[in-house]
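Trainee: Could we walk through this structure together, one question at a time?

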Amino acid sequence: LIVMQWLRNALMNDRLTPLEFALCRASRAAAQANPDQLEYLLMVDADTHLDVECMPRLVAAMERDTGIMGLCGETKIANKRDSWVTRIQVYEYYISHHLSKAFESLWGGVTCLPGCCSMFRIYARKHGAIVPLIVAPDVVSAYSSTDTSTLHQKNLLLLGEDRYLTTVLLRAFPQRKLLYVPRAICRTTVPVTWRELLTQRRRWINSTIHNLLELVLVRDLCGTFCCSMQFLVLMDLIGNVVLPASVVFCYYLIAARIIGHPVALPLLLMALAFVLQAVMVLLTTQRVAYIYWMVIYIAAIPVWNLVLPLYAFWRFDDFSWSRSSSHDVGHDSAAFVTDAERLALKPIPLMRWRDWVAHPHDSEPAKSKV
């Protein structure tokens, strides 16, 4: 939010704070360019490592199509052999990119640009004029909202900030594209213990459902009726909600077959779906190792489709990011500044770029603190 607000003020020639002026000088020193000349914004998590060709491929995709306002690449797991918890996530990460994101990308509306590695277009040019995108006032205002008066708003704002930013962008610019670039690869560290995975997926599942509820209401997405991004979002929403029922039904079919009921055809169709998936993986990757990870994923389907969704639905009102850090800092942890200290604070000076250049001494205290 600090960077988005800074780029918005710089692009619109609005008044800057001392911190934003320090960022302007830092960008000039590092990139040899003023902040209003920067076109792309890359967001990377602290535990994410980019492959050498990741950033060039994202930039090349942006350059090829000016209608793109956001991109993401494939996220691979860096610690996939650390524990059984990391092993069951390898193929899940693979299909979430090469199946879900790749299909959404065909419609130009990837519903979640992950925070671990995504690139955004800061502004676009239309008939010679500059059109702010990720730094548009509506986007910055919606993304910085603190209104959490309802359960729906809390699930939107407090759990999945990357998915919510994607939702805000699609809501503000439904005709622009959010795409997936499969050859832009990054590697991240995933939860190693069951407790960490449970907490992470609770946040992700609940955030996904509430953000999809927001996107279903966006009417100007690509396509019409059953051949539209809006319809795909609706199917995705329904699919997420009925995941536990699908596992229960699968076990019912297996039990019915053991008893002797004629339900072999549905079981064969489900098995055929996994066989075709394995064939496609072998043809596209030409790596047998993915079959190994696929077998582990199939064995863990009850975890993905039953245990984790049910736990997330049960904890719909839990907005903590980790169970060990929830509400254990004291009774008045929000009062970082007392009323007396707040009254003693001097007002933050706000000046435009030229005024800051003319009065550089006004930014020195802020610079020393930074």
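Mentor: Buried means under 20% relative accessible area, exposed over 50% and partly exposed in between, with a 1.4 Å probe and protein chains only. This is a predicted model, where local features need pLDDT of at least 70, side-chain atom pairs count only at pLDDT 80 or more, and totals for chains, interfaces and linings use all residues. Residues are numbered from 1 along each chain as its sequence is written, and side-chain values use heavy atoms, leaving out hydrogens and water.

Trainee: Is Thr-208 buried or exposed?

Mentor: Thr-208 sits in helix 8, residues 194-216 (helices are DSSP runs of H or I with at least four residues, strands are runs of E with at least two, numbered from the N terminus). Because its relative accessibility is 11%, Thr-208 counts as buried.

Trainee: Which residues does Thr-208 touch, not counting those up to four places away in sequence?

Mentor: Contact means heavy atoms within 4.5 Å. With that rule, Thr-208 touches Arg-163 and Asn-240.

Trainee: Which strands stand at the edges of the sheet?

Mentor: The open sheet has 5 strands in the order 1-4-3-7-2, with mixed pairing; two strands pair if DSSP finds at least two bridges between them. Each edge strand has a single partner, so one side of it is left without a neighbour in the sheet: these are strand 1 (40-44) and strand 2 (48-50).

Trainee: What is the bridge partner of Leu-71 in strand 7?

Mentor: Strand 3 (residues 68-77) and strand 7 (residues 177-188) pair in the parallel sense over 9 bridges. In strand 7, the partner of Leu-71 is Leu-179.
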